[in-house]
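Welcome! Let's take a guided walk through a protein chain, one topic at a time. Keep the sequence and the 3D view at hand as you read.

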Amino acid sequence: MAAPAKLTRIGLAGLAVMGQNLALNIAEKGFPISVYNRTTSKVDETVERAKAEGNLPLYGFHDPESFVQSIQKPRVIIMLVKAGAPVDQTIKTLSAYLEKGDCIIDGGNEWYENTERREKAMAELGLLYLGMGVSGGEEGARNGPSLMPGGSFEAFKNIEDILVKVAAQVPDSGPCVTYIGKGGSGNFVKMIHNGIEYGDMQLIAEAYDVLRSVGKLSNEELHQVFSEWNKGELLSFLIEITADIFSIKDDKADGYLVDKVLDKTGMKGTGKWTVQQAADLSVAIPTIASSLDARFLSGLKEERVEAAKVFGSGLNDVLVPQEVDKAKLIDDVRQALYASKICSYAQGMNLIRAKSIEKGWDLKLGELARIWKGGCIIRAVFLDRIKRAYDRKPDLANLLVDTEFAKEIVERQSAWRRVVCLAINSGISTPGMSSSLAYFDSYRRERLPANLVQAQRDYFGAHTYERTDIEGSFHTEWFKIAKQLKN
């Protein structure tokens with residue numbers, strides 16, 4: 001391998017497509033980079049790509065020692081390997097050659113507590129550690145991702161000049177990177193970003209289902225509708241790619257490719273982690289949770305095929321085809337999608353804030369909205385409004401009660417309710433939109449039926465209750481009183 005004339009600025013270990021693309025992005029921004037991978041063919045492949053993409057200053061190494069020695073001190077190495085044991089193995093391999101003050105950055109989707117454990121272990125060796133969320137997929141990694149580094153602030157300062165150049169650049173708001181906070185905060189924020197992404201994708205899928213199944217829109221019409229939506233308040237990466245998907249013909253048969261894709265959604269775990277964290281912190285995230293449930297149900301394809309046979313004709317009298325005005329339906333679904341999306345983001349932000357309070361991370365929600373405006377999968381014009389909401393009131397209890405968002409939700413009320421009712425009457429499940437609406441209706445009501453649930457708990461378990469009119473904790477012998485009343 002051709003060695004650099006002088007020491008490189010940074011190293012990257014782990015050359016699957018994300019690793020390769022991020023390394024090429026760094027090199028393209030003018031930072032000489034050393035790369036290493038356990039499978040050496042990946043190293044050669046990356047070096048070839050660097051030559052082909054403009055003789056970029058990228059240097060490959062087949063062994064970890066020469067790789068580490070090729071980087072200037074204090075050394076900074078980004079790892080992009082599979083979460084879990086492979087990360088620990090890579091750290092073990094590299095740290096054998098690292099010196100005090102050197103730094104390792106994990107750029108994978110790692111569980112935040114693993115990052116905190118590793119940061120402590122590295123500190124004992126005199127090494128610095130960052131856990132950095134990287135969003136934007138393969139395309140983002142190559143051309144500008146959203147970066148969420150958390151952990152050692154000293155380590156962040158050592159690499160800040162590179163990250164601000166490599167990250168996505170958004171006019172008027174700058175590079176999509178900021179120091180997130182201490183410990184595993186970078187990984188945690190990326191995890192919740194992915195949870196919000198689950199919610200977003202499910203809501204878009206439901207909009208598609210209502211338009212296709214009830215409105216009978218063709219793929220050509222769906223392409224036009226989503227392209228149009230992408231020019232307004234829903235302007236976002238996910239709406240853009242959805243419009244693209246509807247325009248792509250099948251290369252193996254007649255028709256459109258989307259219709260041949262099996263309705264069974266995969267997942268890698270960050271959505272599940274998000275829902276588990278919400279449960280641990282007692283934060284309601286029904287839109288995100290319903291999107292996870294929808295993925296679980298999609299996995300039961302064989303069972304659903306059988307269930308369709310069982311219930312097929314039996315529901316014909318109940319689920320009568322709905323007569324709809326196509327143009328009105330399209331506009332209603334747009335409004336329902338936007339209102340539901342506000343709820344999904346409100347839930348994600350509340351979860352981040354709850355964790356920040358628990359851990360003492362002091363996370364800035366407006367700044368997170370800013371760095372998600374470019375590069376990442378959930379990038380959207382909508383994030384501008386979220387940033388403004390937190391700029392207006394950093395301690396905002398919920399996005400729903402921000403003056404701007406509250407007004408937008410009120411304006412979309414009728415359309416939102418019409419779409420959910422239409423879907424229910426048509427037998428189309430809209431778990432994301434329905435749970436978003438239920439979340440809104442619960443949050444906006446001064447009094448909920450929770451008084452009855454608490455009375456039930458006190459009845460069978462003596463859990464006590466509070467009263468609306470007198471301070472203190474109370475217990476009633478419900479069973480005895482009920483028995484007397486029956487006699």
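## A buried leucine

A residue is called buried when its relative accessible area is under 20%, exposed when it is over 50%, and partly exposed in between, using a 1.4 Å probe and protein chains only. Leu 12 is buried, with a relative accessible area of 0%. You can find Leu 12 in strand 1, which covers residues 10-13. Helices (H or I, at least four residues) and strands (E, at least two) are DSSP runs, numbered from the N terminus.

Contact means heavy atoms within 4.5 Å. Neighbours within four places in sequence aside, the contacts of Leu 12 include Gly 19, Leu 22, Ile 33, Val 35, Phe 67 and Leu 80. For Leu 12 and Ala 207, 195 residues apart along the chain, the C-alpha atoms are separated by 41 Å.

## Where the model comes from

This is a predicted model, in which local features need pLDDT of at least 70 and side-chain atom pairs count only at pLDDT 80 or more, while totals for chains, interfaces and linings use all residues. Residues are numbered from 1 along each chain as its sequence is written, and side-chain values use heavy atoms, with hydrogens and water left out.

## The whole chain

The chain has 20 helices and 9 strands. Its C-alpha atoms fill a box of roughly 90 × 65 × 45 Å along the principal axes. Of the 487 residues in the chain, 50% are buried. Among contacts with a separation of 6 or more, 69% are between residues 24 or more positions apart.

## Another buried leucine

Leu 147 lies in strand 7 (residues 146-151). Is Leu 147 buried or exposed? Leu 147 is buried, and its relative accessible area is 0%. Val 134 is 13 residues away from Leu 147 in sequence, with 4.9 Å between their C-alpha atoms. Beyond four places in sequence, Leu 147 touches residues including Met 132, Val 134, Leu 163, Cys 176 and Ile 371.

## Two pairs of helices

Two packed helices are described by the angle between their axes and the distance between the axes. Axes are lines fitted to C-alpha atoms, for helices over the stretch in contact, and angles run from 0 to 180 degrees between N-to-C directions. Angles under 35 degrees count as roughly parallel, over 145 as roughly antiparallel, 65 to 115 as roughly perpendicular and the rest as oblique.

Helix 11 (residues 270-281) packs against helix 12 (residues 286-298) at about 135°, with the axes 10 Å apart. Helix 11 and helix 12 are therefore oblique to each other. Their contact is made by Gly 271, Lys 272, Thr 274 and Val 275 of helix 11 with Ile 288, Ala 289 and Leu 292 of helix 12. Now look at helix 17 (residues 403-426) and helix 18 (residues 431-444), which pack at about 135° with axes 11 Å apart. Helix 17 and helix 18 are therefore oblique to each other. Residues of helix 17 in this contact include Ile 409, Trp 416 and Val 420, and those of helix 18 include Leu 437 and Phe 440.

## The cysteines

How many disulfides are there? With a disulfide taken as a pair of cysteine sulfur atoms within 2.5 Å, the count is 0. Cys 343 is in no disulfide, and the nearest cysteine sulfur, that of Cys 421, is 16 Å away. Cys 343 is buried, at a relative accessible area of 0%.

Cys 376 is in no disulfide, the nearest cysteine sulfur being that of Cys 176, 7.2 Å away. Cys 376 is buried, also with a relative accessible area of 0%.
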